[in-house]
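Please look over the sequence and the model first.

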Amino acid sequence: MALIFRVQGSPKSYHPVAKRSGPDFGPTSGDVGLREPSRRLAVLVGRTGVALGLEFELAESPITIGRDPACDIRLNDPTVSRYHAWLTQEGGHWYVSDTGSANGTLVNNKILETNERVELKDGDEIEFGTVRMKFRHWLGEG
């Protein structure tokens, strides 16, 4: 599984995201190398907190999100549970589900029930604890 994140403002700079033992995406993540992704299906754009200014390109499914180092997208924030939520992709559509996290997962300000699966639409705002991200379908280069 390969997840890719891109720092906004550098449209051709791609960084590999978490291969189960990936970097911490907190304030001290550092440079983890560059590579061009093989395919791009969707993007999570960080709007607040430790994800601010980061873009996580979603290329494989399922994707786990949480504070634990084993998560595919690690958000080192105290409001994010160890295993907070997961994303799945089926037939070109992406879905988010909450794992029963302590501070909840919200989509467009609506809190999800544990294991409730919600289809994501372009522009949806997702909150993992207090870390807010915007979901975007990938429309191509740039």
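## Basis

This is a predicted model: local features need pLDDT of at least 70, side-chain atom pairs count only at pLDDT 80 or more, and totals for chains, interfaces and linings use all residues. Residues are numbered from 1 along each chain as its sequence is written, and side-chain values use heavy atoms, with hydrogens and water left out.

## Overall fold

The protein chain has zero helices and 13 strands. Both are DSSP runs numbered from the N terminus: helices are H or I with at least four residues, strands are E with at least two. Of the 142 residues of the protein chain, 46% count as buried. Buried means under 20% relative accessible area, exposed means over 50%, and partly exposed lies in between (1.4 Å probe, protein chains only). Residues 24 or more positions apart account for 44% of the contacts in the protein chain with a separation of 6 or more.

## The sheet

Five strands make up an open sheet with mixed pairing, in the order β6-β5-β7-β8-β11. Two strands pair if DSSP finds at least two bridges between them. At the edges are β6 (73-74) and β11, each pairing on one side only.

Strand β8 (residues 93-98) pairs with β7 in the antiparallel sense over six bridges. Together β7 and β8 form a hairpin with two residues between them. In the turn, G91 has a positive phi of about 55°. Q89 stands opposite W94 in β8, and W86 has S97 in β8 as its bridge partner.

Strand β8 also pairs with β11, again antiparallel, over three bridges. Here S97 has R117 of β11 as its bridge partner. How many residues of β8 are buried? Five of the six are, so β8 is largely enclosed by the rest of the structure.

## The core

The largest nonpolar core has 25 residues. A nonpolar core is a set of buried Ala, Val, Leu, Ile, Met, Phe, Trp, Tyr and Cys residues joined through side-chain atoms within 4.5 Å. Those with the most contacts inside the core are L44, L58, L75, L87 and V96. The strands β3 (42-46), β4 (54-58), β5 (63-66), β7, β8, β12 (125-128) and β13 (131-137) each supply at least two residues of this core.

Take L44. Not counting residues up to four places away in sequence, L44 touches L54, E55, F56, L58, I65, I73, L87, I126, M133, K134 and F135.

## A buried loop residue

S81 is found in the loop between β6 and β7. Is S81 buried or exposed? S81 is buried, with a relative accessible area of 13%. Leaving aside its neighbours within four places in sequence, S81 is in contact with G66, R67, S101, A102 and N103.

## Charged side chains

Side chains of opposite charge can pair when their charged atoms come close. The structure holds seven salt bridges. A salt bridge is a side-chain nitrogen of Lys or Arg within 4 Å of a carboxyl oxygen of Asp or Glu. The table lists some of them.

| Salt bridge | Closest N to O distance |
|---|---|
| R117 and E90 | 2.9 Å |
| R132 and E127 | 3.9 Å |

R117 forms a salt bridge with E90. That pair links distant parts of the chain: R117 is in β11 (residues 117-119), E90 is in β7 (residues 85-90), and they are 27 residues apart. R117 is partly exposed at 40% relative accessible area, and E90 is partly exposed at 42%.

R132 is also partly exposed, at 34%. Its partner E127 counts as buried at 14% relative accessibility. A network of salt bridges links R47, E125 and K134.

R117 has a further contact with a ring. Its charged end sits over the ring of Y95, 3.7 Å from the ring centre. The rule here requires NZ of Lys or CZ of Arg within 6 Å of the ring centre and within 35 degrees of the ring normal.

Conventions
Contact = heavy atoms within 4.5 Å.
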